[in-house]
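Here is a short briefing on one protein chain. Keep the sequence and the 3D view open while reading.

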Amino acid sequence: MNLWKELENRIRFETLISDISARFVRLPNKEVDVEIERALRQILDFFNVDRCGIMEVRENKEFVWLTHLCCAEGFEPVSKDINLAALFPWCYEKLIIKGEHVIVSRMTDLPPETEQDRLSWAAMGAKSNLTISLFSTQGIRHLLAIQSIQKERDWPQEFVPRLKLR
């Protein structure tokens, strides 16, 4: 990618983050869910991916579930009734226990200890995944997951810190 294209992409990303953040300032509680779904759609479109969602971590940290989801047209949603902590133990360790992000460009690059996570991603059709923590004032309580179903993709490392919103 040439320098001008990179700069243009970075400006588009920073504008996206600023616009999303600004909309949440003084937002009435009754409008939060609609605004989250709108933000997820914008993230989905910006990254040109197939699925994007927000997960919540229960206070006891034993249950992680999907609270909001946006899917590109033609892609199946993931059930909001399953405990994702049980399906993704490696991710759980990295995200919730260690406070790290999870970047998977290719499932074949995953180490052997990720077998359960790999099987879960395969069942969901994911070929690439980016998951980061969003809020950490009371520990890690929310996660943002961005997935590519159609193709493997590399995730821009420079965007991860800005998506964390810390």
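In which sense do strands β1 and β2 pair, and over how many bridges? The pairing is antiparallel and runs over 7 bridges. Note that this is a predicted model.

- Strand β1 covers residues 51–57, and strand β2 covers residues 64–71.
- Arginine 51 sits opposite cysteine 71 of β2.
- Between the two strands lie 6 residues. In this hairpin, lysine 61 has a positive phi near 65°.
- Strand β2 is mostly covered, with 8 of its 8 residues buried.

**Helices α4 and α5**
- The axes of α4 (residues 89–97) and α5 (residues 115–124) come within 6 Å and cross at roughly 105°.
- The two helices are therefore roughly perpendicular, since angles of 65 to 115 degrees fall in that class.
- From α4, Pro89, Trp90 and Cys91 meet Gln116, Asp117 and Trp121 of α5.
- By class, this contact has 4 nonpolar, 1 polar and 1 charged residues.

**Aromatic pairs**
- The count comes to 6 aromatic pairs.
- Phenylalanine 46 and phenylalanine 47 pair edge-to-face, at 5.1 Å centre to centre with 85° between the planes. Both residues are buried.
- Phenylalanine 88 and tryptophan 121 form a tilted pair, at 5.3 Å centre to centre with 55° between the planes.
- That pair links distant parts of the chain, 33 residues apart. Phenylalanine 88 is in the loop between α3 and α4, and tryptophan 121 is in α5.
- Phenylalanine 88 counts as buried because its relative accessibility is 9%, under the 20% cut-off. Tryptophan 121 is buried too, at 2%.
- Phe13, Phe46, Phe47 and Trp155 make up one aromatic cluster.

How values were computed
Residues are numbered from 1 along each chain as its sequence is written. This is a predicted model: local features need pLDDT of at least 70, side-chain atom pairs count only at pLDDT 80 or more; totals for chains, interfaces and linings use all residues. Side-chain values use heavy atoms; hydrogens and water are left out. Buried means under 20% relative accessible area, exposed over 50%, partly exposed in between (1.4 Å probe, protein chains only). Helices (H or I, at least four residues) and strands (E, at least two) are DSSP runs, numbered from the N terminus. Two strands pair if DSSP finds at least two bridges between them. Axes are lines fitted to C-alpha atoms, for helices over the stretch in contact, and angles run from 0 to 180 degrees between N-to-C directions. Angles under 35 degrees count as roughly parallel, over 145 as roughly antiparallel, 65 to 115 as roughly perpendicular and the rest as oblique. Contact means heavy atoms within 4.5 Å. Ala, Val, Leu, Ile, Met, Phe, Trp, Tyr, Cys and Pro count as nonpolar, Asp, Glu, Lys and Arg as charged, and the others, Gly among them, as polar. Rings of Phe, Tyr and Trp (its six-membered ring) pair if their centres lie within 6.5 Å; planes under 30 degrees apart count as stacked, over 60 as edge-to-face and the rest as tilted.
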